[in-house]
Amino acid sequence: MTYKELIERTKELDLKKLNVFLGEPSNQIGSISCYQDGLEWVERNIDERQNTWEIRGTEDEICDAIFMDIEINKELSGY
């Protein structure tokens, strides 16, 4: 899915409540973010211990992965 499709599919959700940030990197503990860095797309995850890891890939790969993460976060939080 493209970034535009991701925005459309998540527009009804309170992403901040799910600690998800689209279009910008986040430094918040327990957050997931998705953004473009040059020609690459990045998924950044920060866990409760402040460990940070990034996955880089195509727009489709990263947006699909973020959407799956959002769905999992919704399920776990009882959203």
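Guide: Gln 50 sits in the loop between strand S3 (40-46) and strand S4 (52-57). Keep in mind that this is a predicted model.

Visitor: Why is Gln 50 called exposed?

Guide: The relative accessible area of Gln 50 is 54%.

Visitor: What is the phi of Gln 50?

Guide: The phi of Gln 50 is about 70°, a positive value, although Gln 50 is not a glycine. Asn 19 also is a residue other than glycine with a positive phi, near 60°. Asn 19 belongs to the loop between H1 and S1.

Visitor: Is Asn 19 buried, exposed or partly exposed, and how do you know?

Guide: Asn 19 has a relative accessible area of 22%. Buried is under 20% and exposed is over 50%, with partly exposed in between. The value of 22% falls in between, so Asn 19 is partly exposed.

Visitor: What makes the contact of Asp 37 and Arg 56 a salt bridge?

Guide: The side chains of Asp 37 and Arg 56 meet at 3.0 Å, N to O. A salt bridge asks for a side-chain nitrogen of Lys or Arg within 4 Å of a carboxyl oxygen of Asp or Glu, so this pair qualifies. Asp 37 is in strand S2 and Arg 56 in strand S4, 19 residues apart, and the pair links distant parts of the chain.

Visitor: With which other residue does Arg 56 form a salt bridge?

Guide: Arg 56 also bridges to Glu 40, where the closest N and O atoms are 3.0 Å apart. Since Arg 56 lies in strand S4 and Glu 40 in strand S3, the pair ties together parts that are 16 residues apart in sequence.

Visitor: How do you know that Arg 44 and Glu 54 form a salt bridge?

Guide: Their side chains meet at 2.9 Å, N to O. The limit is 4 Å, so Arg 44 and Glu 54 count as a salt bridge. Arg 44 is in strand S3 and Glu 54 in strand S4, ten residues apart.

Visitor: Which residues are linked in a network of salt bridges?

Guide: Asp 37, Glu 40, Arg 44, Glu 54 and Arg 56 are linked in such a network. The structure holds six salt bridges.

Visitor: Which residues make up the patch of negative charge on the surface?

Guide: Glu 5, Asp 60, Glu 61 and Asp 64 gather there. Helix H2 (residues 59-77) gives the most to the patch, with three residues. Glu 5 is found in helix H1 (residues 3-10).

Visitor: Which residues of the largest nonpolar core touch the most other members?

Guide: Of its 15 residues, they are Leu 6, Leu 15, Val 20, Leu 22, Cys 34, Ile 66 and Ile 70. Strand S1 (20-22), strand S2 (32-37) and H2 give two or more residues each. H2 gives the most, with five residues.

How values were computed. Residues numbered from 1 in each chain as written. Predicted model: local features only at pLDDT ≥ 70, side-chain atom pairs only at ≥ 80, totals over all residues. Heavy atoms only, no water. Patch = residues over 30% accessible without salt bridge, like charges linked within 9 Å, V, L, I, M, F, W, Y side chains within 5 Å. Areas by Shrake-Rupley, 256 points an atom, 1.4 Å probe, with all protein chains shown as cover. Lys, Arg positive; Asp, Glu negative; His and termini not counted. Charge placed at Lys NZ, Arg CZ, Asp CG, Glu CD. Helix = DSSP H or I, 4+ residues; strand = E, 2+ residues; numbered from the N terminus. Core = buried A, V, L, I, M, F, W, Y, C linked by side-chain atoms within 4.5 Å. Buried < 20%, exposed > 50% of the residue type's maximum accessible area, 1.4 Å probe, protein only.
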